Amino acid sequence: VCGPILVSACLLGIYCRYDGRCETDERVMALSKDHVLIPVCPEQLGGLPTPRSAVELLDGRAVTRDGADLTEAFERGVQQVLRVARLTGARAAVLQPRSPSCGRGIIYDGTFSGTRIEGDGALTQCLRAQEFLLLAPDELG
Ligand code: SF4
């Protein structure tokens, strides 16, 4: 991978997860030895607080269990991340699995029942459309 790499900020131990937990992924941290990592949390960049309600994607909308529609904040956050990518020249991203923003390939189905389906989170959809290299932590070895 050449150039800086976008990273889901929560993988670097930054306090931004919806549930307020902080976890550092050592495989991702190790990447910083050879690469410039750029932590981004699209949900926070879209204006949402931490902690916050869990969100799943349903029919293209970002909704909470009690039906609040946060699609606008999600979209705003995606635009902010794309802006950071343009400014830094990043063309790759390491993404937190199963998130409604950062998930790649598998997300939850919008019923809040823990059911997984094929699909990408809101950010990942845009990064994929722009042909970013998309990596999961368990692919870093
Ligand atoms: Fe992590 Fe992405 Fe969720 Fe932010 S939006 S907490 S970076 S998975």
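Strand 5 (residues 92-94) and strand 8 pair in the parallel sense, over three bridges. Two strands count as paired if DSSP finds at least two bridges between them. Strands (E, at least two residues) and helices (H or I, at least four) are DSSP runs, numbered from the N terminus. Across this pair, Ala 92 stands opposite Leu 133 of strand 8. The model is a predicted one: local features need pLDDT of at least 70, side-chain atom pairs count only at pLDDT 80 or more, and totals for chains, interfaces and linings use all residues. Residues are numbered from 1 along each chain as its sequence is written.

Axes are lines fitted to C-alpha atoms, for helices over the stretch in contact, and angles between N-to-C directions run from 0 to 180 degrees.

A second pairing joins strand 3 and strand 4 (residues 61-64). This one is antiparallel and has four bridges. Val 55 stands opposite Thr 64, and Leu 58 has Arg 61 as its bridge partner. The hairpin has two residues between its strands, and Asp 59 takes a positive phi near 50°.

Helix packing was examined next. Two packed helices are described by the angle between their axes and the distance between the axes. The axes of helix 3 (residues 71-88) and helix 4 (residues 122-129) come within 9 Å and cross at roughly 40°. That makes helix 3 oblique to helix 4. Angles under 35 degrees count as roughly parallel, over 145 as roughly antiparallel, 65 to 115 as roughly perpendicular, and the rest as oblique. Helix 3 contributes Phe 74, Val 78, Val 81 and Leu 82 to the contact, and helix 4 contributes Ala 122, Leu 123 and Cys 126. Residues are in contact if their C-beta atoms, placed from the backbone, lie within 7 Å. The contact has seven nonpolar, no polar and no charged residues. Ala, Val, Leu, Ile, Met, Phe, Trp, Tyr, Cys and Pro count as nonpolar, Asp, Glu, Lys and Arg as charged, and the others, Gly among them, as polar.

Two backbone features lie in loops. Most residues other than glycine have a negative phi, and most peptide bonds are trans. Thr 50 and Pro 51 are joined by a cis peptide bond, with omega about -5°. Pro 51 sits in the loop between helix 2 (42-45) and strand 3 (55-58). Arg 98 is not a glycine, yet its phi is positive, about 70°. Arg 98 is in the loop between strand 5 and strand 6 (106-108).

How values were computed
Contact = placed C-beta atoms within 7 Å.
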